[in-house]
Amino acid sequence: MHVGFIGLGQMGRPIAENILAAGYRLSVYNRTVAKTRSLVDSGAELAMTPLGAAQADLLFTMVTDDAALDQLFFEDGLIDAMPKTTMHVTMSTIGAACGARLRDSHAALDRPFVAAPVLGRPDRAAEAMLFVLAAGDRRHVDICAPVFESISQRWFFLGPDPQSAIVAKIANNFLLGCVIESMAQAYTICDTHGLPRREFLEAITETIFDAPIYRIYGRMMAEHQYLPPACPPAIGIKDMRLALDAAATSGHDLPLARLVKDHLENAVADGFGDHDWSILGADEMKWKTPS
């Protein structure tokens, strides 16, 4: 099977590396050509244009945001130019409106389309230990399944509508932001009363909060390890905006998303834009200063 891959950022590159390591013929495209070199040196084919990468059985896209996908498929015309038999698999974290636009545009042209965003940080991507949230026509998803298995520890089928996977990823990232925010505030209680963060973390993660997300981010904040960033505040702000926009389509608000977004924006204003979004647990954050 020939796989095309567009977008070799923090997540895209290790995913593409694992696809190549699994033995697939791989064509890669990235706006910054230098990011393709290690893959090409390992045997991938260099696509000079997005359309070149689309000359494949499956075209995976892992780009930054809605604007990048809009530019790629609609402004630059890839939706019309790519081969009719190429199946587009979007792994990007995108908004509900963008997802619906992609789904409907592919359907109108009778082009196969699957949404398959992933759960996990870059280190887990490198280890092929992600989780894949897949949705779309089951026949199409099953064609993608062997590739999903090469990059993940498990994949989930969320139904025939690609939008289901896109919305699930938005909801997941909203929960991540809330966990980080709540851990930061819990540590504030501990700090105020002299309880060491590590002792508190051990107590809760070996009892009722025994989950990877509490262990990973709880440890980072307990040890004040905010560099290098796997997810900088700007990405977290984007995630909260996507959650707010998704809820707003039905007239709902998400007060917690607004709170997390505000605190992440404060982190950027305080000079922590190049840190991980777990910087919310730092002592220096202005929101922690008593009024």
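**Entry 1: pairing of β1.** I began with strand β1 and strand β4 (residues 58-61), which pair in the parallel sense over four bridges. I looked for the residue opposite I6 and found T61 in β4. I note here that the model is predicted.

Next I checked β2, residues 25-29. β1 pairs with β2 in the parallel sense too, over five bridges. I picked G4 and traced its bridge partner in β2, which is S27.

Entry 2: I followed the chain through helix α1 (residues 12-21). β1, α1 and β2 make a right-handed β-α-β unit.

**Entry 3: cover on β1.** Is β1 enclosed or open? I went through residues 2-6 and found five of the five buried, so the strand is largely enclosed by the rest of the structure. Buried here means under 20% relative accessible area.

I then sorted the residues by face. In a regular strand the side chains alternate between the two faces of the sheet. In β1, H2, G4 and I6 lie on one side, and V3 and F5 on the other. These residues are all buried, and both faces are covered.

**Entry 4: the surface.** I turned to a nonpolar patch. Which residues make it? I listed V33, V40, L46 and M48. The patch has an area of about 340 Å².

I looked up L46 on its own. L46 is found in strand β3, residues 45-46. Its relative accessible area is 39%, so I logged L46 as partly exposed. Patch residues need over 30%, and L46 has 39%.

Key: Residues numbered from 1 in each chain as written. Predicted model: local features only at pLDDT ≥ 70, side-chain atom pairs only at ≥ 80, totals over all residues. Heavy atoms only, no water. Patch = residues over 30% accessible without salt bridge, like charges linked within 9 Å, V, L, I, M, F, W, Y side chains within 5 Å. Areas by Shrake-Rupley, 256 points an atom, 1.4 Å probe, with all protein chains shown as cover. Salt bridge = Lys/Arg side-chain N within 4 Å of Asp/Glu carboxyl O. Helix = DSSP H or I, 4+ residues; strand = E, 2+ residues; numbered from the N terminus. Buried < 20%, exposed > 50% of the residue type's maximum accessible area, 1.4 Å probe, protein only. Pairing = 2+ DSSP bridges. Right-handed = clockwise from strand over helix to strand, strands pointing away.
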